[in-house]
Amino acid sequence: MTDVFFPVFGFVSGSIPCSYLAARLFAGKDVRREGSGNVGATNVFRVAGRAAGIAAAAGDVLKSLLPVLAARLAGIPPPWQALTAAAVIAGHCYSPFLKFRGGKGVASAVTVSLVLCWPSALAFGLVWLGVFRARGYSSLASLLASLALPLTSALVRADASTTVFFSLTALFVLFKHRSNVRRLLEGTESRMRKTGR
């Protein structure tokens, strides 16, 4: 029963709506009704400014890191650590505090990967930065970087449960970005950074 505590902790922690709170506190805006309508740090940057976006991102990192790190330090088996990470992402994307709405899980995914398999987190960051600098699309960078998570964990021979979790996470990120994929294909997706192309 002790092991069950950590996924529950992960879901509750993940469900804290940091982006919603940051947009409200810094700009008095409801991020659900502005910009893309997504309750995530990227949309907060767009509609509430840099300070709010940084606060939202920092909150997402902390709420995602603590449960998985606690599970690792407690020494529970790797499958339960992966389940805790999955619960964090589920809480972030389907927060009961926001009527089961939330972000797209990218910040939470890369944060939990720092604990589960840090080389995967490093690969994610490098791919994300490279794609974002080259193309200027946060969504495209997130989609391609997510693929680096299971590929890297498999290469470094991480625990099988971690690689399975990362594989499912990559598919989930694709599902949550399906509207972005459509806009990318149509050429209507907004860039967050000009590339000169």
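A salt bridge here is a side-chain nitrogen of Lys or Arg within 4 Å of a carboxyl oxygen of Asp or Glu. By that rule, Arg24, Asp30, Arg32 and Arg33 are linked in a network of salt bridges. Bear in mind that this is a predicted model, where local features need pLDDT of at least 70, side-chain atom pairs count only at pLDDT 80 or more, and totals for chains, interfaces and linings use all residues. Residues are numbered from 1 along each chain as its sequence is written, and side-chain values use heavy atoms, with hydrogens and water left out.

Q: What makes Asp30 and Arg32 a salt bridge?
A: Their closest N and O atoms are 2.9 Å apart, and the cut-off is within 4 Å, so the pair counts.

Q: Why is Asp30 called buried?
A: Buried means under 20% relative accessible area, exposed over 50%, and partly exposed in between (1.4 Å probe, protein chains only). Asp30 comes in at 8%, so buried is the label.

Q: How do you know that Asp60 and Lys63 meet in a salt bridge?
A: The N to O distance is 3.5 Å, so the pair passes the same rule. They sit 3 residues apart in helix H4, about one helical turn. Asp60 is buried at 1% relative accessibility, and Lys63 is buried at 5%.

Q: Which label does Arg183 get, and which does Glu189 get?
A: Arg183, at 25% relative accessibility, is partly exposed, whereas Glu189, at 9%, is buried. The two form a salt bridge, with the closest N and O atoms 2.8 Å apart.

Conventions: Helices (H or I, at least four residues) and strands (E, at least two) are DSSP runs, numbered from the N terminus.
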